[in-house]
Amino acid sequence: MTMKSLWNDKEAAKFKGDLGQRVYTSRLLGRDKSLVLHGGGNTSVKIRERNILGKEEDILYVKGSGWDLETIEPAGFSPVRLLHLLHLAKLKALSDPQMVNELKTHMTCASAPAPSIETILHAILSYKYVDHTHADAVVTVTNTANGEQRIRDIYGESVVIIPYVMPGFELAQVCARQFAREAKRSTVGMVLMNHGIFSFGTTARESYERMIALVSRAEKYLARKSSWKIATRAAAISKTPLRTELASLRWEISKVAGFPAILSTCTNSQTMAFAQRKDVAKISQQGPATPDHVIRTKRLPMLGRNVETYTKRYREYFHQYVRATKEKKTMLDPAPRVILDAELGLCTVGQTAKDAAVAAEIYLHTIEIILRATALGGYRALPAKELFDVEYWDLEQAKLKKSGKPPVFTGEIALVTGAASGIGKACVDSLLARGAAVIGLDLNPAIEQMHKRSDFLGVRCDVTSETAVAIALDCSVKAFGGLDMLILNAGIFPASRRIEVLHGDEWRKVMNINLDANLLMLRECHPLLKLSPKGGRVVIIGSKNVPAPGPGAAAYSASKAALNQLARVAALEWGADRIRINIIHPNAVFDTAIWSEAVLASRAAQYGLSVQQYKKNNVLRTEVTSCDVAELAAEMCGPLFAKTTAAQVPVDGGNERVI
Ligand code: ZN
């Protein structure tokens with residue numbers, strides 16, 4: 001039940017030297033998400049080195065910002081001169097910007113990452129190895145009414161207990177004073193109330209295994225108090241599709257936030273049971289579990305049952321937030337990040353899909369912490385004022401300022417049909433590269449594994465089936481919150497057949513996939529595209545065969561011509577909904593699934609050309625690739641085409657019959 005040391009002698013031997021050992025056990029900590037979640041936690045080692053003048057110097061290697069413990073490398077540790085840090089610790093005061101400056105200017109490597117904000121705290125603990133985590137079990141116990149007494153009961157003299165102080169210079173000083181006063185021979189760690197735990201040792205293994213042992217004691221305590229395994233009632237999950245409701249909520253959130261946002265929904269039995277608790281408003285409104293989580297999981301607006309109530313409350317919440325922020329004269333990423341609702345479950349908001357996923361993961365841990373602490377005798381987090389201070393302290397602001405201008409489709413959602421290969425696959429890549437979250441639909445099950453990243457969702461889907469399309473759209477909206485861009489690419493190109501032998505079944509099959517399925521997609525996506533914060537965009541992958549049909553391709557040419565007309569009518573009908581539809585007519589794109597060797601040879605023969613001649617048979621004598629088409633499709637969704645609808649643009653190297 002409780003955590004175990006993951007130390008392995010064979011594995012450890014591969015990590016050479018003191019810093020190598022530091023890397024190894026840092027990764028062991030990082031592997032356990034109940035210890036370290038998304039940068040929450042840091043480690044250090046003190047190493048004596050000879051500098052360029054030949055003098056010996058003690059260097060503190062401390063986790064640098066931007067690195068995760070689970071995947072950290074030696075280069076992820078910032079080398080800072082220890083003596084200077086110890087001098088700093090004796091100053092009367094040091095502002096956050098001053099501290100950042102001192103840490104950066106006293107490193108021995110100019111290209112190292114910025115040292116952790118908890119660097120001075122690592123320096124004042126005079127042990128070779130220091131490990132720090134925000135372990136769920138320890139945070140759970142400290143965030144209760146009698147937290148401090150409970151910690152004393154669990155650990156006795158093994159740890160020094162530090163009251164809550166905001167991370168930074170002051171916390172380091174409080175720790176230094178209190179540690180000097182209270183540490184005993186048997187002391188192996190330090191608990192920071194409402195924050196986390198430190199362990200230390202003379203070897204990497206000792207410090208790491210002390211961390212595991214200390215956290216296990218908190219876990220066992222929770223188990224003894226029947227506060228470890230919390231029974232969750234099987235929760236009712238709404239049967240009615242909430243596609244439009246979620247998209248409306250996202251639209252409102254994006255409007256108040258001032259930028260398109262991703263809204264991810266999680267409806268597992270844990271989140272549903274939590275959101276349906278009678279006391280959810282009370283227990284969830286007390287702020288996130290530790291100060292480090294504040295940036296990502298803002299306080300919760302408790303919402304009602306329908307979108308109007310959601311958005312009204314959201315707006316109220318937002319205005320309060322703005323007022324409070326104005327007093328501080330700063331304005332960062334204003335939308336609250338977590339929404340709990342009895343029907344929707346847990347929704348998290350982010351500027352990117354990754355942000356929303358991180359918020360969800362953190363909140364899932366927070367739910368566990370709240371439930372266990374509630375069972376233990378009442379969850380008690382920090383007062384709101386403390387949390388607010390943390391959000392706006394200088395260090396966090398500096399971190400946010402660094403992040404530059406986001407890609408053009410940040411916070412936007414695109415769906416591509418026929419996405420597992422050829423033009424569709426290339427469209428997925430072009431959209432991801434521009435910052436969009438992308439849903440790829442395809443008959444081929446390989447679509448589900450095409451990308452392993454939080455901003456891509458691959459759904460196996462037959463776009464000619466109304467049920468399959470409904471399920472796929474439900475999944476899409478649950479994952480990202482709506483739809484801004486639709487690329488209709490799925491289609492087939494049957495082998496050449498002259499009209500006198502063209503069978504009705506084949507004709508109908510081509511029409512069904514190339515035409516009817518696209519009507520279905522357009523119709524079902526319309527309510528979502530209408531709720532796109534920047535206005536919906538549709539790109540139709542047409543064909544050169546629309547202006548210049550080919551002999552032997554009657555069904556294909558007719559289906560694409562009908563699709564072209566459908567798109568033009570959609571442009572007329574949907575302009576008032578701020579949805580624009582543009583069409584690309586590619587020709588001779590041979591790196592796609594429909595161009596098998598056989599099809600290629602047969603088409604070349606129709607024109608009396610060799611395959612090689614046929615490939616570059618255009619005015620510019622150039623080969624057109626899937627990537628060329630995809631890049632144009634992505635640009636058509638961007639600002640260049642903001643005032644264009646119903647355009648038909650060829651990507652064909654120039655075709656004499658079209659020109
Ligand atoms: Zn910390």
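**View 1. Helix 18 and helix 19 in a right-handed crossing.** In this predicted model, helix 18 passes helix 19 in a right-handed crossing. Helix 18 spans residues 466–480, and its axis lies 11 Å from that of helix 19, with the two packed at an angle of about 30°. Because angles under 35 degrees count as roughly parallel, helix 18 and helix 19 are roughly parallel to each other. On the side of helix 18, the contact is made by Glu 466, Val 469, Leu 473 and Val 477, while helix 19 contributes Leu 520, Met 521, Arg 523, Glu 524, Cys 525 and Leu 528.

**View 2. Helix 19 against helix 20.** Helix 19 (residues 504–529) also packs with helix 20 (residues 554–574), here at an angle of about 15° and with the axes 8 Å apart. That angle makes helix 19 roughly parallel to helix 20, and helix 19 passes helix 20 in a right-handed crossing. Among the residues of helix 19 that make the contact are Trp 507, Val 510, Met 511, Asn 514 and Leu 515, and also Leu 522, His 526 and Leu 529. The residues of helix 20 in this contact include Ala 554, Ala 555, Tyr 556, Ser 559, Leu 563, Leu 566 and Trp 574.

**View 3. Asp 516 of helix 19 and Ser 559.** Asp 516 lies in helix 19, and with a relative accessibility of 40% it counts as partly exposed. Between the C-alpha atoms of Asp 516 and Ser 559 the separation is 9.1 Å, although these residues are 43 residues apart along the chain. Ser 559 is one of the residues through which helix 20 makes its contact with helix 19.

View 4. The zinc ion is coordinated at 2.1 to 2.5 Å by the OE atom of Glu 118 and by the NE2 atoms of His 132, His 134 and His 195. The angles among the four donor atoms run from 82 to 161°, and the site is irregular. Along the chain, the donors follow the spacing E-x13-H-x1-H-x60-H.

**View 5. Glu 118 and His 132 at the zinc ion.** Two of the residues that coordinate the zinc ion, Glu 118 and His 132, form a pair that links distant parts of the chain, 14 residues apart. Glu 118 sits in the loop between helix 4 (96–105) and helix 5 (119–124), whereas His 132 belongs to strand 4 (residues 129–133). Glu 118 has a relative accessible area of 2% and is therefore buried, and His 132, at 0% relative accessibility, counts as buried as well.

Definitions and conventions: Residues are numbered from 1 along each chain as its sequence is written. This is a predicted model: local features need pLDDT of at least 70, side-chain atom pairs count only at pLDDT 80 or more; totals for chains, interfaces and linings use all residues. Side-chain values use heavy atoms; hydrogens and water are left out. Donors are N, O and S atoms within 2.8 Å of the metal (3.2 Å for Na, K and Ca); water is not among the atoms, so sites may look incomplete. Four donors count as tetrahedral if all angles lie between 85 and 135 degrees; four count as square planar and six as octahedral if opposite donors are over 155 degrees apart and all others between 65 and 115; anything else is irregular. Helices (H or I, at least four residues) and strands (E, at least two) are DSSP runs, numbered from the N terminus. Buried means under 20% relative accessible area, exposed over 50%, partly exposed in between (1.4 Å probe, protein chains only). Axes are lines fitted to C-alpha atoms, for helices over the stretch in contact, and angles run from 0 to 180 degrees between N-to-C directions. Angles under 35 degrees count as roughly parallel, over 145 as roughly antiparallel, 65 to 115 as roughly perpendicular and the rest as oblique. A crossing is left-handed if the near helix is turned anticlockwise from the far one by less than a right angle, and right-handed if clockwise. Contact means heavy atoms within 4.5 Å.
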